[in-house]
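Please keep the sequence and the model open while going through the numbered points.

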Amino acid sequence: MQIQGFQGPSRVAKGGHSRSGGEMSTCTSLNTLAHELKGLDEKELLATSGVEYMGFGANKQYSGFVLIEDDNAKPRCTHDLLPMNNGALKNMVGGLLKHYGEAARKKELAFITDGVPSPGYTQVTLSGTGLGLYFETSTGNPMGKLTGSL
């Protein structure tokens, strides 16, 4: 008796898209995030931005950062909110750029979503680095001291 397995066509996330599962990618470089967050006023820094996605469940793909400047005016696109507000995000992005410098400018920021959630802390990574860095969710300050280089 011969048994054949069937394997359907594989789906590959296209450039600029990130599969959901282990991370929520902003699909945006640190440099672009810093530029987007620059000049926000105090009220806008208290709002929480998100990441647009397409599809649902196993087919969910993140496609881009959505700057939300007012929590009462949500975008029409489907999106997941970031685990921190714009002020904390701005502080975190600034800290990453200051520590890792030019090597980090073009790296995309992603929030790690699998594993046991840490109360008060958020784990992030930069595309292609394998880093898992923890930051305070309320302030965007690193948990401990940033070390190493890219």
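Predicted model: local features only at pLDDT ≥ 70, side-chain atom pairs only at ≥ 80, totals over all residues.

1. The side chains of arginine 105 and glutamate 102 meet in a salt bridge, with 3.4 Å from N to O, where a salt bridge is taken as a side-chain nitrogen of Lys or Arg within 4 Å of a carboxyl oxygen of Asp or Glu. Arginine 105 counts as partly exposed because its relative accessibility is 31%, whereas glutamate 102, at 63%, counts as exposed.

2. Residues are numbered from 1 along each chain as its sequence is written, and side-chain values use heavy atoms, with hydrogens and water left out.

3. The protein chain holds three helices and eight strands, which follow one another along the sequence in the pattern β-β-α-α-β-β-β-α-β-β-β. Both kinds of element are DSSP runs numbered from the N terminus, helices being H or I with at least four residues and strands being E with at least two. Of the 150 residues in the protein chain, 34% are buried.

4. By the rule stated in the opening point, the count comes to three salt bridges. One of them joins the side chains of lysine 60 and aspartate 80, at 2.8 Å from N to O. Lysine 60 lies in the loop between β3 (50-54) and β4 (61-66) and aspartate 80 in strand β5 (residues 79-81), so this pair ties together parts that are 20 residues apart in sequence. Lysine 60 counts as buried, because its relative accessibility is 15%.

5. Lysine 74 and aspartate 71 also meet through their side chains in a salt bridge, here with 3.7 Å from N to O. Lysine 74 is partly exposed at 40% relative accessibility, and aspartate 71 is partly exposed at 34%.

6. How do helix α1 and helix α3 pack, in angle and in distance between their axes? Helix α1 (residues 30-37) and helix α3 (residues 86-100) pack at an angle of about 135°, with their axes 10 Å apart. That angle makes α1 oblique to α3, since angles under 35 degrees count as roughly parallel, over 145 as roughly antiparallel, 65 to 115 as roughly perpendicular and the rest as oblique. The axes are lines fitted to C-alpha atoms, for helices over the stretch in contact, and the angles run from 0 to 180 degrees between N-to-C directions.

7. Alanine 34 lies in helix α1 and is partly exposed, with a relative accessible area of 28%. Alanine 34 and lysine 90 are 56 residues apart in sequence, yet their C-alpha atoms are 6.6 Å apart in space.

8. At 14% relative accessibility, cysteine 27 counts as buried.

9. Tyrosine 121 is found in strand β7 (residues 121-126) and counts as partly exposed, at 32% relative accessibility.

Definitions and conventions
Buried < 20%, exposed > 50% of the residue type's maximum accessible area, 1.4 Å probe, protein only.
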